[in-house]
Amino acid sequence: MPIIVHLDVMLAKRKMKSKDLAEKVGITTANLSILKSGKARAIRFSTLEAICEALECQPSDILEYQK
Amino acid sequence: MRPIKILKKIINIYFYLLGIGVFVDLFQWGIALFNRKQIKLPFIEENILYTSTNIEAIIPKLLGFLLALIFLYSIALLKRSANDLSEGNHFTNQVIIDFKMIGVLFIILAFGELLCKIIFRTLFDNELGLILDSSILILPVIGLFFIYLSQVFSKAREIQFENELTI
């Protein structure tokens, strides 16, 4: 997929662990891992909103389109 | 009780009754062969008895058993699918493959029966005619429906997979 997920970069910038983010967002660490690895087929707006709120960032900081 | 549970029970009962029926018929044929008795042949309309040991009596009887075993196997697949469905495993690979196989077997059964009826009625009854009875018409329709159902389940499995990977 040409959509790249930069969740690990944002987590490193905010010095936050995956487990903590998963707890804040309200998803399982397994699902967060799927999202981080780029295996996810889709992301709900509610999940994206919760991630942006937890990481204090914009959706564009997490998702990038590459040809 | 949920409809699938009732369906599962009915299919289970039908499968065992059918199995007993095929086994009893096979046993009776064995006895008839041993005693060289006169038997009625499948696929033939007229009530003429044939000597069981004659080759012209053995071939239709064997083909009849072959078709009965194919039907029994397709009901066994249906039984397995009903078990999976009743346990909530709706879109498993096994159910999709089984539904497709049931469909193909039903179509094979219909054509096999039609072919046997045409051949043996021509040979034994000396009449060439296409007799369309309910099984010849209904079996391919049910077979095609099962193949289509398999495709629907396959599509549903893809959607379920996508849904599970939506975070």
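Ala57(B), Lys61(B), Ser74(B), Ile75(B), Leu78(B), Ser81(B) and Ala82(B) are the buried residues of H2(B). The model is a predicted one. Chain A is built from 5 helices and 2 strands, and 4 residues of chain B are in contact with 11 residues of chain A.

**Helix H2 of chain B**

- Gly88(B), which comes just after H2(B), has a positive phi of about 90°.

**Annotated regions of chain B**

- An unreviewed UniProt entry lists residues 12–34, 58–78, 99–124 and 130–149 of chain B under "transmembrane region".
- Residues 58–78 of chain B are 100% helix and 0% strand, with end C-alpha atoms 30 Å apart.

**Contact between the chains**

- The contact between the chains involves 4 residues on chain B and 11 residues on chain A.
- On the chain B side, the residues that touch chain A comprise 2 nonpolar, 1 polar and 1 charged.

**Overall form of chain A**

- Along the sequence, the elements of chain A follow the order β-α-α-α-α-α-β.
- Chain A has a radius of gyration of 11 Å, close to the 11 Å given by the globule rule for 67 residues, and is therefore as compact as a globular protein of that length.
- Taken along the principal axes, the C-alpha atoms of chain A fill a box of roughly 30 × 20 × 20 Å.
- Buried residues make up 13% of the 67 residues of chain A.
- Of the contacts in chain A between residues at least 6 apart in sequence, 65% join residues at least 24 apart.

**Loop between H1 and H2 of chain A**

- Lys15(A) lies in the loop between helix H1 (7–13) and helix H2 (18–25) of chain A.
- The phi of Lys15(A) is near 50°, a positive value in a residue other than glycine.
- Lys15(A) counts as exposed because it has 6 C-beta neighbours inside 10 Å, where the cut-off for exposed is 12 or fewer.

**Loop between H4 and H5 of chain A**

- Glu56(A) sits in the loop between helix H4 (45–55) and helix H5 (59–62) of chain A, and its phi is positive, at about 50°, although it is not a glycine.
- With 10 other C-beta atoms within 10 Å, Glu56(A) is exposed.
- Cys57(A) is also placed in the loop between H4 and H5 of chain A; because it has 15 other C-beta atoms within 10 Å, Cys57(A) is partly exposed.
- Beyond residues up to four places away in sequence, Cys57(A) touches Met10(A), Cys52(A) and Ile62(A).
- Cys57(A) and Met10(A) are 47 residues apart in sequence, and their C-alpha atoms are 8.4 Å apart in space.

Terms used. Residues are numbered from 1 along each chain as its sequence is written. Chains are lettered from A and ligands numbered from 1 in the order in which they are written. This is a predicted model: local features need pLDDT of at least 70, side-chain atom pairs count only at pLDDT 80 or more; totals for chains, interfaces and linings use all residues. UniProt positions are given in the numbering used here, feature names are shortened, and annotations may be inferred rather than shown by experiment. Helices (H or I, at least four residues) and strands (E, at least two) are DSSP runs, numbered from the N terminus. Two residues are in contact if their C-beta atoms, placed from the backbone, lie within 7 Å. Ala, Val, Leu, Ile, Met, Phe, Trp, Tyr, Cys and Pro count as nonpolar, Asp, Glu, Lys and Arg as charged, and the others, Gly among them, as polar. A residue is buried if 20 or more other C-beta atoms lie within 10 Å of its own, exposed if 12 or fewer, and partly exposed in between; C-beta atoms are placed from the backbone. The radius of gyration is taken over C-alpha atoms; the globule rule is 2.2 Å times the number of residues to the power 0.38.
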